[in-house]
Amino acid sequence: MRRREFIAGVGAAAALPFAARAQKAPVRIGFLYAGAAGSVTTAAHLAEINEGLRNNGLIEGRDYVLESRFAAGKYERFPDLARELAQAGVGVILASTISAVRAAQRLTPSVPVVMIAINDPVGTGLVASLARPGGHTTGMATMQQDLTPKVLEFQRMIVPEAKVLGVLLNPANPSNPPMLDDLRVRAGAMGMTVHSVTLRLPEELDAALVALAAGKPDALQILGDSANLDLGDRIAAFAIEHRLPFFATWLPIVELGGLLAYGASRRRLLVRAGYYVKRILDGAGPADLPVEQPTQIELWINLKTAKALGIDMPFQLQQLADRVIE
């Protein structure tokens, strides 16, 4: 008995190095992003993605390697970038905008897709429904189509005398034109006209701002688009220079000098992506994971900007605000 026990023990010990060698290699996770590599916004979003994966027990280098591809606003690059990720052998793709999701969805063979902060995924045809997305796509929605008109209401409370609303949008983002159409109708009912200017690429920003100024707007609103997040500081500086109250659904605009923002925390949405990745890697089908909408919408205001613009911020809004910059 002792001899057999000894032989068994030796066999188990000898097997240990092989078991260690047999451990799974880190899975490759794709990140298909609309912004530019190396920007401050991109760096923050990469950190948030990694935080979400870490919160779900996935350690970079040990459990996964993040394969990132950046379109830098050139949405026509998404199909090629998606194919690059597929060729790199990714097990799931995180996609940051509608065009990125569509490019990832069209890969053959299919790769599971996790949407990150996507505008109106049902209305744009990315998923069948929030509860039952179908196909191989799931993730998080932003509710931008509902929040954008609410921002207009806040704008009306703060500068009721405004007659012309300047709007920046990216027509390459399929959610932006319908939001603009809705904004025109709502603004018209409030006695305002909309002066819209398209902004497709970062290098078009200077020309877009010149066109915007030519319309002599009384206020400015930017429609939600991932590629334009990198440009928030320059747009906010333009608004301050031209004494324009600047409104958005992207909260950090207020930190950059915007007057008011009302929206979901993009950071929370990116961190939440880790939950979906972990579920999919554990064997869950994307079609069985409902698309989530933000559970918390925040109101941020900048009283320093209001003072610089000579605006009296309604006390009611100050009381409602989740964050006030003074």
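In this predicted model, F31, Y33 and F70 come together as one aromatic cluster. The number of aromatic pairs is five. A pair of aromatic rings is described by the distance of the centres and the angle of the planes. For Y75 and F78, the ring centres lie 5.4 Å apart and the planes meet at 45 degrees, so this pair is classed as tilted, falling between the limits of 30 and 60 degrees. Both partners are buried: Y75 has a relative accessibility of 7%, and F78 has a relative accessible area of 0%.

Two aromatic rings also carry a charged residue over the face, as listed here.

| Charged residue | Ring | Distance from ring centre |
|---|---|---|
| K150 | F154 | 5.3 Å |
| R323 | W300 | 4.9 Å |

The largest nonpolar core holds 32 residues, and the members that touch the most others are I158, F247, L260, L299 and M313. Two or more residues of this core come from each of the helices α5 (144–158), α6 (176–189) and α11 (303–308), and from each of the strands β6 (164–169), β10 (260–264) and β11 (297–302). The greatest contribution is that of α5, at five residues.

What does M313 touch, not counting residues up to four places away in sequence? Its contacts are I158, L259, I301, L303, A306 and Q318. One of these, I158, is itself among the core members that touch the most others.

How values were computed. Residues numbered from 1 in each chain as written. Predicted model: local features only at pLDDT ≥ 70, side-chain atom pairs only at ≥ 80, totals over all residues. Heavy atoms only, no water. Core = buried A, V, L, I, M, F, W, Y, C linked by side-chain atoms within 4.5 Å. Buried < 20%, exposed > 50% of the residue type's maximum accessible area, 1.4 Å probe, protein only. Helix = DSSP H or I, 4+ residues; strand = E, 2+ residues; numbered from the N terminus. Contact = heavy atoms within 4.5 Å. Phe/Tyr/Trp six-rings, centres within 6.5 Å; stacked < 30°, edge-to-face > 60°. Lys NZ or Arg CZ within 6 Å of the ring centre and 35° of its normal.
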